[in-house]
Amino acid sequence: MNQVEECTSALVKAIQDSEEYQSFLKIKERVAQEPELREQINAFRRHNFEVQNSPDVLDMYDEIDKMSREYQEFRKNPLVDEFLQCELRVCRIIQKATMEIVFAVDLDTKDIAEGLRF
């Protein structure tokens, strides 16, 4: 195994061993015991993903505000809130690691990135 693969494995293990991921696993198990709630959470997550990754030009602030109002009561459920908060903490860990790699490794993509829509 080369050094990059070894470091990648170590990073994966560090994330899996993190307090944030362990908390996520515990709440995920609790949610799994309530199949209807689990499906509602997944519907919310799916909707959130679709809004954030829509190919259509959306007013993101309006869409997020609309979604917040639509799911306001749902988010008051402590189990839902805890699940989503734990998931967000793990996602931020992964996002931070990814961004550090992207910013540190220059693939000379500036010229092609200028013409892309994000």
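Where is the place of D108? In this predicted model, where local features need pLDDT of at least 70, side-chain atom pairs count only at pLDDT 80 or more, and totals for chains, interfaces and linings use all residues, D108 is placed in the loop between α6 and α7 (110-113). Residues are numbered from 1 along each chain as its sequence is written, and side-chain values use heavy atoms, with hydrogens and water left out.

Helices are DSSP runs of H or I with at least four residues, numbered from the N terminus. D108 has a phi near 55°, a positive value in a residue other than glycine. Most residues other than glycine have a negative phi. D108 counts as exposed because its relative accessible area is 66%, where buried means under 20%, exposed over 50% and partly exposed in between, with a 1.4 Å probe and protein chains only.

**Nonpolar core**

A nonpolar core is a set of buried Ala, Val, Leu, Ile, Met, Phe, Trp, Tyr and Cys residues joined through side-chain atoms within 4.5 Å. The largest one here has 16 residues, and I27, I41, F74 and F83 are those with the most contacts inside it. Two or more residues are given to this core by each of α2 (19-32), α3 (35-52) and α6 (78-104), and the largest share, six residues, comes from α6. With contact meaning heavy atoms within 4.5 Å, and with residues up to four places away in sequence not counted, I27 touches L79, E82, F83 and C86.

L84, in helix α6, is buried, because its relative accessible area is 7%.

**Aromatic pairs**

Rings of Phe, Tyr and Trp (its six-membered ring) pair if their centres lie within 6.5 Å, and by this rule the count comes to five aromatic pairs. Ring pairs link Y21, F24 and F83 into a cluster.

**Largest pocket**

On a 1 Å grid over the protein atoms alone, a pocket is an open set of points where a 1.4 Å probe fits, with protein on both sides within 12 Å along at least five of seven lines, and lining residues have an atom within 4 Å of a point. The largest pocket has a volume of about 700 Å³, the volume being the space filled by probe spheres set on the points. Its lining has 19 residues, of which N48, F49, Q52, E87 and L88 lie nearest the centre. The elements that give two or more residues to this lining are α3, α4 (60-70), α5 (72-75) and α6, and α6 gives the most, with seven residues. The lining divides into eight nonpolar, seven polar and four charged residues; Ala, Val, Leu, Ile, Met, Phe, Trp, Tyr, Cys and Pro count as nonpolar, Asp, Glu, Lys and Arg as charged, and the others, Gly among them, as polar.

F49 lies in helix α3 and is exposed, with a relative accessible area of 54%. D65, in helix α4, is partly exposed, with a relative accessible area of 40%.

**Separations between C-alpha atoms**

| Residue pair | Distance along the chain | C-alpha separation |
|---|---|---|
| F49 and S23 | 26 residues | 22 Å |
| D65 and E82 | 17 residues | 21 Å |
| L84 and R45 | 39 residues | 8.7 Å |

Notes:
Rings of Phe, Tyr and Trp (its six-membered ring) pair if their centres lie within 6.5 Å; planes under 30 degrees apart count as stacked, over 60 as edge-to-face and the rest as tilted.
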